[in-house]
Amino acid sequence: MIVAAIDIGGTFTDLMAFDERSGRFVQAKSLTTPAQLVQGIIDCVRKSGLESSDIAELIHGSTIAINTLIERKGAATGLIVTRGTRDVYGIGRGNRPESYNLFFHRHRPLVPRHLTCEVRERARASGEIHEPMQAADVQAACEKFAAEGVQAVAICFLHSYVNPRHEREAGEIVRKLMPGAYLSLSHQILREYREFERMSTTVVNAYIGPKVGGYVRGLKASLADIGFEGELTMMRSSGGVMTPEVATERPVAMMESGPVGGIIASARIGSALAFRNVISFDMGGTTAKASLIRDGAPTMASGYYVGGYASGHPVMEPVIDVVEVGAGGGSIAWIDEVGALKVGPRSAGADPGPICYRSGGTEPTITDANLALGRLDPGDFLGGEMELDAASAARGIREKIAAPLRMSVTAAAQAIIDIASAKMSLAVREVSVAKGYDPRDFVLVASGGAGPLHTLAIARELHIPTVIVPLFPAHFSALGMLAADERHDFIRTCYADLAAADFRQILSICQEMADEGNAGLRHKRDAEQRIHLDLRYVGQEFTLSVPVTREQLQGADRPGIRAAFDRLYEQRYAHHSPAEPVELVNVRVAVIGKRAEMQFPLLPAAGRVTAAHMAEVYLGDPERPVSCPVYRRENLGAGARFAGPALVREHGTTTVLFEGDGCSVAPSGELIIAVRGAR
Amino acid sequence: MTADPVTLEVIRNALPAVANEMAADLQRTSYNMMIYEVRDFCTAMVNVEGELISQNVGGVSHFVADLGVIITDGVKRYGRDGFKPGDVIITNHQAVAGQHLNNVVIYVPYFFEGELLLFSMVRAHWIDIGGTSTGFGAGPDVADPWLEGLQLDQMKIHEAGTVNETLYRVIKDNIRFPESSLGDMNSQIAACRLGVRRMDELFAKYGKGTILAAIGKIFDETEIKCRNVVSRLADGVYEAESFFDDDGVTPDEPVRIHARVSVAAGGMTIDLSGCSGERKAGINSRTLAGARVAYKALTGPLDPVNEGSFRALQVVIPEGNIMMARYPAPMAGWSIIVPTVVETIITSLASAMPDKIPAAHHGLLGGAVVFFGVNPVTQRRFVVQSLEGGGWGGRPYEDGESGTVSVCQGDVRNGSIEGIEMKCPVLVEERSLRRDSGGPGKYRGGLAIDMRVRNFVEGRWNFERARRRGCPAWGLWGGKPGETGGYYLRRAGEDGFRSVDGSRKPVEADSEVIVRTGGGGGWGDPLERDPERVRWDVLEEMISMEAAREHYGVVLGDDLALDLAATIALRQSRKRRGHAAQPEEI
């Protein structure tokens with residue numbers, strides 16, 4: 001059986017496939033074709049040489065959802081709301097995160113005010129109906145929408161998270177009167193209080209719905225045309241997969257479906273090597289991303305702001321928590337008006353790219369600096385497919401950085417790398433130390449084309465004792481998708497004092513959510529449910545999600561749940577208040593259909609470890625290069641051991657080891673590096 | 001000793017990261033919405049000389065000033081040798097702190113190898129500080145600090161790691177909701193200690209000499225950047241003024257706000273001597289915030305804040321001025337005038353930097369929704385609290401934003417309707433933008449908000465009016481002012497709404513209140529607004545058909561089709577009339 005994953009990135013479309021019978025991986029890459037994404041996928045399948053009819057499952061991550069929103073190419077959308085709340089969507093929270101900016105911008109609504117229609121209806125926070133719904137108001141809205149060419153409708157009524165009756169009734173009217181329209185009801189997208197965030201999420205879902213739906217249908221048809229008869233599944237931002245049907249109803253769930261693959265892969269590889277606590281570090285062309293995996297599970301956030309917190313659209317859909325900084329191979333080094341050296345956030349991207357790519361780039365980048373330090377080989381980049389121009393890179397660094405700062409070229413290059421490393425360290429810190437986790441208890445899994453070049457320096461900075469460079473670090477996201485479980489997340493606001501909470505009701509809510517999740521599951525056999533309660537001290541606003549067992553709920557184990565909350569609070573914030581009453585805000589259920597563990601083929605045992613050649617590389621001291629061995633990754637067998645200083649080259653990336661770093665190769669092929677001086 | 005470029009850049013990034021981590025920590029662990037939603041707090045690192053090393057981003061802008069004076073005062077009281085590791089100092093005393101008593105400062109000394117180097121601080125708004133009122137702080141009619149609440153004057157709440165139980169009890173017994181405020185105090189202390197731990201990691205790694213040299217260099221570079229901006233302005237003296245109708249205590253006596261800004265060779269002096277003297281009403285303060293917020297917005301709004309951000313700025317405010325009031329002048333509503341002060345300073349520079357100055361925004365901290373009482377069903381106290389934004393001024397190239405908090409508030413969020421109703425016995429009937437409330441202009445002012453709330457149980461409302469009716473958010477370059485706001489009450493059984501004013505007014509169950517904010521001023525002559533945009537505004541119900549004709553000279557048919565010929569004719573006749581009647585002014 002062959003399982004394949006296809007990840008559409010900004011530059012490349014990647015395919016990774018795993019043949020369970022032969023234990024063999026297949027990879028292919030094609031250029032992403034923004035106008036015809038589906039064509040890029042089909043090209044990639046063809047290029048891989050796989051027989052379409054042999055592929056049992058195809059897992060897909062795509063940027064279609066997020067790009068439709070960012071480029072504002074979604075459907076004409078209408079919004080139906082409770083009377084008195086027409087402007088809730090535009091006003092949002094009324095805040096101005098850029099405190100001193102007189103020219104700030106709020107989020108730009110996706111629905112104009114005249115296509116936001118109020119309906120007489122009202123529920124109270126208890127769920128009790130305060131005012132019945134006037135069906136005529138919904139009908140009037142539909143007539144207006146039809147006249148204005150609206151293709152998608154979002155409905156968000158106050159307190160529908162506790163009583164969705166009016167939303168359902170209004171939805172039925174819309175379905176009847178506008179049968180061709182795409183429809184999103186807020187309680188089906190998010191059953192959590194806070195009307196603006198729920199409304200925004202629902203509007204985004206409706207806005208991108210028709211386009212994503214069309215994409216999914218087009219993909220299915222094109223795959224059928226080339227003989228694919230297996231199952232198609234879509235990656236979601238939570239790191240799980242979903243069926244094309246769920247994706248069509250809930251496209252907002254695939255907003256971040258690309259980047260999460262690498263995090264899942266990090267978790268799986270960590271677990272396979274018996275490291276349950278992992279920091280995933282992925283550095284590509286424009287950004288570096290850090291993410292924390294604890295006890296084998298990635299850390300989740302309940303939502304985020306597409307386009308940034310200051311002016312973005314809130315999307316409250318579970319997403320793997322990622323901290324991103326503007327430091328990638330293409331990040332530009334520059335000197336500001338007072339003479340300070342800066343790196344990023346501006347990036348040369350893939351076009352024009354770094355100076356050494358010879359595609360017209362004139363600004364020195366991190367990649368140029370790595371080349372100037374001898375860490376990249378001009379003749380051996382992307383397996384030699386692309387020759388790098390070392391002389392121009394050095395000239396660029398001299399003119400733009402070294403001369404103004406009166407440094408040598410290598411000193412300037414080293415400075416660029418050091419500043420970038422410090423920035424990336426702050427990102428890794430933010431997911432770990434800033435949340436109460438000690439990085440010394442973690443291993444760092446490095447991926448992305450630029451990750452392994454920088455990871456040892458970052459690990460040393462943060463005292464992380466072990467670095468793992470996995471197989472296929474440059475195709476890691478697609479690899480991770482192969483390992484993704486099915487996953488459906490649900491939330492329900494259920495406000496009560498913990499001491500007085502009705503656990504029978506909580507259990508029945510959990511059951512309802514679990515049933516809905518199971519219905520959309522393919523791998524039902526070993527399905528797992530995870531239940532969390534969002535708790536807080538009475539009077540606080542922010543909650544912590546506390547894991548609980550079904551047995552704890554059945555036994556109404558208030559003291560146990562309470563103690564778990566206090567412990568988690570202590571860990572996150574270094575203090576807690578055992579005497580304060582605690583209240584329950586939300587119940588969360590995740591239904592997970594487990595995929596069978598991928599068995600990585602074992603490497604043959606190492607023979608003698610021999611370097612391909614020696615190279616002169618600057619590894620810290622910019623005035624004195626070190627002569628160090630260069631190993632080919634494909635020549636390293638299981639159990640091979642060597643020490644830094646050394647470089648390991650493979651297609652798509654290079655791992656840099658410094659003096660005192662010790663590497664051994666795992667039986668399944670990962671480089672496991674003990675970081676010097678980390679403890 | 002100097003720091004190399006790499007170390008310098010690393011430290012430059014690390015210092016704001018420390019303050020921001022403290023802020024995130026405080027926000028997530030605090031008990032009151034003034035901290036977690038209104039973000040009425042700041043976190044900072046200040047050295048022994050009172051210089052600001054770094055401060056968090058976001059939150060309430062006017063906290064950008066007045067931290068250093070607390071430290072210099074504390075060091076004077078205790079002496080440099082008077083602090084020990086494990087000390088925690090608490091203060092809100094107005095003789096130095098100069099703000100309302102709710103803003104409680106906690107600070108913790110940091111020692112490196114036994115030497116006192118700096119303090120980690122958090123100033124945060126407590127939900128209650130005793131006195132006559134609760135919530136956002138007492139109103140301007142509170143006559144002195146003793147009525148306002150508990151005064152804490154540079155007290156050590158922890159001494160060398162041991163909590164001062166007596167002081168703790170005194171605080172606990174003299175505030176409402178002690179569990180909330182003392183919870184917040186513990187969060188403040190935890191955030192300060194986090195700051196100290198992070199600074200210790202930095203000092204241990206780079207050494208004292210390098211860090212201090214880097215901080216000095218960062219101050220210098222920040223100053224140069226600010227000077228570079230100001231040096232692009234023509235040297236000269238720029239002035240503007242505005243006023244409040246009255247101070248809320250003495251009727252019919254306007255409160256004058258006046259800014260005199262001198263620019264010379266990259267330096268700027270903001271002289272506020274022309275502002276009113278201190279008042280009997282609690283709208284006094286001791287603050288440089290007005291000048292600093294304006295300067296920061298003009299010189300580097302997106303850069304982190306440190307002492308260098310203000311070294312090229314001279315602020316002149318004489319003792320006895322409304323913003324340099326002498327203790328015990330009442331300060332319960334200390335920040336009410338600050339956004340208008342900021343706006344007046346910014347407006348004074350309109351002719352110096354015409355493409356960088358928007359028309360005036362609503363200028364109010366308010367739109368405050370404050371209703372409190374005891375829920376008869378649960379017997380629990382409740383406080384409804386939300387801050388509603390207003391319109392911002394039209395800009396030299398686009399319309400102003402609607403429904404957004406003032407220039408003194410940054411990441412200050414309104415209360416969600418569902419969250420309010422979950423906790424309090426009220427129904428929010430409406431939160432909407434008010435048509436025609438934005439000042440007409442070539443680029444229109446943003447719209448104001450009407451927040452309408454019905455209370456199911458009796459309780460008390462605060463109706464502290466904005467007092468800008470005579471001086472609404474002004475337009476620039478021919479733009480018109482925005483509408484002003486106020487409070488309106490419909491008592492149970494009554495038909496219509498009446499304008500109301502005052503604090504802690506008892507209101508019976510099933511009454512309704514409209515909290516109305518102000519709109520922004522317009523930028524440029526409304527007759528020059530693109531008629532297509534006027535048509536769109538009518539379609540969007542941001543302006544009425546009448547306003548389109550009256551202010552913009554745009555004629556639309558019943559189907560909203562633009563009648564171009566009639567529009568051109570109307571605009572020409574308007575221009576002839578208008579230009580004869582209006583003197584040239586901004």
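1. Burial in chain B. In this predicted model, buried residues account for 58% of the 586 residues of chain B. The chain contains 13 helices and 20 strands. Its C-alpha atoms occupy a box of roughly 80 × 65 × 40 Å along the principal axes. The radius of gyration of chain B is 25 Å, which agrees with the value near 25 Å for a compact globule of 586 residues. Among contacts in chain B between residues at least 6 apart in sequence, 73% link residues at least 24 apart.

2. Domains of chain B. Chain B is divided into domain 1 (5-222), domain 2 (358-437 + 444-522) and domain 3 (528-581). The C-alpha centres of domain 2 of chain B and domain 3 of chain B are separated by 30 Å. Their contact draws 5 residues from domain 2 of chain B and 7 residues from domain 3 of chain B. On the side of domain 2 of chain B that touches domain 3 of chain B, the residues comprise 1 nonpolar, no polar and 4 charged.

3. Helix H7 of chain B. An α-helix has 3.6 residues a turn, so residues three or four places apart point the same way.

4. The interface between the chains. The contact involves 63 residues from chain B and 55 residues from chain A. On the chain B side, the elements that give two or more residues are helix H1 (5-29), helix H2 (33-36), helix H6 (178-206), helix H7 (208-230), helix H8 (289-299), helix H10 (417-423) and strand E14 (426-433). H1(B) supplies the largest share of that side, with 11 residues. The residues of chain B that touch chain A divide into 22 nonpolar, 20 polar and 21 charged.

5. Overall form of chain A. Chain A has 17 helices and 35 strands. Its radius of gyration is 26 Å, close to the 26 Å that the globule rule gives for 679 residues, so chain A is as compact as a globular protein of that length. Its C-alpha atoms fill a box of roughly 80 × 60 × 55 Å, taken along the principal axes. Of the 679 residues of chain A, 54% are buried. Among contacts in chain A between residues at least 6 apart in sequence, 68% join residues at least 24 apart.

6. Domains of chain A. The domain assignment gives domain 1 (486-593) and domain 2 (613-674) for chain A. The C-alpha centres of domain 1 of chain A and domain 2 of chain A lie 46 Å apart.

7. Glu197 of chain A. Glu197(A) is located in helix H7 (residues 195-225) of chain A. This residue counts as buried because it has 22 C-beta neighbours inside 10 Å, the cut-off being 20 or more. Leaving aside neighbours within four places in sequence, Glu197(A) is in contact with Gly303(A), Pro314(A) and Met316(A). Gly285(A) is 88 residues from Glu197(A) along the chain, and the C-alpha atoms of the two are separated by 32 Å.

Definitions and conventions. Residues numbered from 1 in each chain as written. Chains lettered and ligands numbered in written order. Predicted model: local features only at pLDDT ≥ 70, side-chain atom pairs only at ≥ 80, totals over all residues. Domains from an automatic or database assignment. Contact = placed C-beta atoms within 7 Å. Nonpolar A, V, L, I, M, F, W, Y, C, P; charged D, E, K, R; others polar. Helix = DSSP H or I, 4+ residues; strand = E, 2+ residues; numbered from the N terminus. Rg over C-alpha atoms; globule rule 2.2 N^0.38 Å. Buried ≥ 20, exposed ≤ 12 C-beta atoms within 10 Å, placed from the backbone.
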